[in-house]
Amino acid sequence: MQGMSERQYAAHVGLSRGAIQKAKTAERLVLYPDGSINAAASDARRAETTDPSKTRKPPAPKLKPVPEAAVTAVGDTLREQGLAVPAVGGGTTFLQAKTANEVLKAQERRIRLQKLKGELIERARALALVFRLAREERDAWVNWPARAAALMAAELSASCSDATGQQITVEPAAMQKVLEKHVRAHLDELAEVRPDFR
């Protein structure tokens, strides 16, 4: 066999065997005397006799557009590490994106390790703990005037006298009201504070 078989030529030009058989019947291929296909001559004849508008061109590879958020994230990650950042609107190179990806993977592994070691806790758990502690602190302050008013009234009564030298008596109930008023005012001020949990 001097040339290619139908199957070999079909693989050579990227067509089906049926298409090659049709081209052979239409005498668009050059054959050797033994019936095998002369590849070089057949390629030339097919190029001459094929209508360019009817040829299938391989589709151009479709590149997906990269979201601007992804490009920004790459820049932010590289900037955090002190590496070269892509110019604004200039696009990101494959190497920059790969470097940012590796940096993020390393950071994720470090965080996972810190969590396993017990150095990190979940945000929701931390917020719940802070909320519970703040509520306990508030309750302790709300109950403090009732506990301390009598002791403070006794101490003040023992150490206070008026201009005539008579002993002044401080009523525990009055002391408790004053303390409660000031504690509540202070707690209201603290309630306005909003921590930033970023």
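This is a predicted model: local features need pLDDT of at least 70, side-chain atom pairs count only at pLDDT 80 or more; totals for chains, interfaces and linings use all residues.
Which residue's side chain does serine 36 join in a polar contact? I started there: the partner is aspartate 34, and the two side chains sit 2.7 Å apart.

**Entry 1: the whole chain**

I counted secondary structure and got 7 helices and 0 strands. Reading from the N terminus, I wrote the order down as α-α-α-α-α-α-α. Next I checked burial: of the 198 residues, 16% count as buried. The chain exposes about 15700 Å², and I noted that carbon and sulfur atoms supply 58% of that area. I also looked at how far apart in sequence the contacting residues are. Among contacts with a separation of 6 or more, 37% are between residues 24 or more positions apart.

**Entry 2: the loop between α2 and α3**

Back to serine 36, which I placed in the loop between α2 and α3. Is serine 36 buried or exposed? Its relative accessible area is 2%, so I put it down as buried, the cut-off being under 20%.

Asparagine 38 is in the loop between α2 and α3 too, with α3 covering residues 39-49. Its relative accessibility is 18%, and therefore asparagine 38 also counts as buried. I followed its side chain and found that it reaches the backbone nitrogen of alanine 40 at 3.4 Å. Setting aside residues up to four places away in sequence, asparagine 38 touches Val30, Leu31 and Tyr32.

Then I listed what isoleucine 37 is in contact with, skipping neighbours within four places in sequence. Val30, Leu31 and Tyr32 turn up here as well, and the list also has Gly3, Met4, Ser5, Glu6, Tyr9, Ile20, Leu29 and Ser42.

**Entry 3: the nonpolar core**

Which residues make up the largest nonpolar core? I found 7 residues: Tyr9, Ala10, Ile20, Ala23, Leu29, Ile37 and Ala39. The elements giving two or more residues to this core are α1 (6-13) and α2 (17-25). Ile37 is one of the core members, and its contacts include the core residues Tyr9, Ile20 and Leu29.

**Entry 4: helix α4**

I moved on to α4, residues 68-80. This helix has 13 residues and reaches 18 Å from its first C-alpha to its last, close to the 18 Å expected at 1.5 Å a residue. I picked out its buried residues as Val74, Gly75, Thr77 and Leu78.

What covers the buried residues of α4 includes α5, residues 94-116.

I took a second look at glycine 75, which lies in α4. With a relative accessible area of 5%, glycine 75 is buried. I checked its C-alpha against that of glutamine 96, 21 residues apart along the chain, and got 8.4 Å.

Last item: what follows α4? I found glycine 82 there, and its phi is positive, near 75 degrees.

Key
Residues are numbered from 1 along each chain as its sequence is written. Side-chain values use heavy atoms; hydrogens and water are left out. Helices (H or I, at least four residues) and strands (E, at least two) are DSSP runs, numbered from the N terminus. The expected span of a helix is 1.5 Å times one less than its number of residues. Buried means under 20% relative accessible area, exposed over 50%, partly exposed in between (1.4 Å probe, protein chains only). Contact means heavy atoms within 4.5 Å. A nonpolar core is a set of buried Ala, Val, Leu, Ile, Met, Phe, Trp, Tyr and Cys residues joined through side-chain atoms within 4.5 Å. A polar contact is a pair of N or O atoms within 3.5 Å; within protein, one must be able to donate a hydrogen and the other to accept it, and residues adjacent in sequence count only if both atoms are side-chain atoms. Accessible areas come from the Shrake-Rupley method with a 1.4 Å probe; for residues, only the protein chains shown count as cover.
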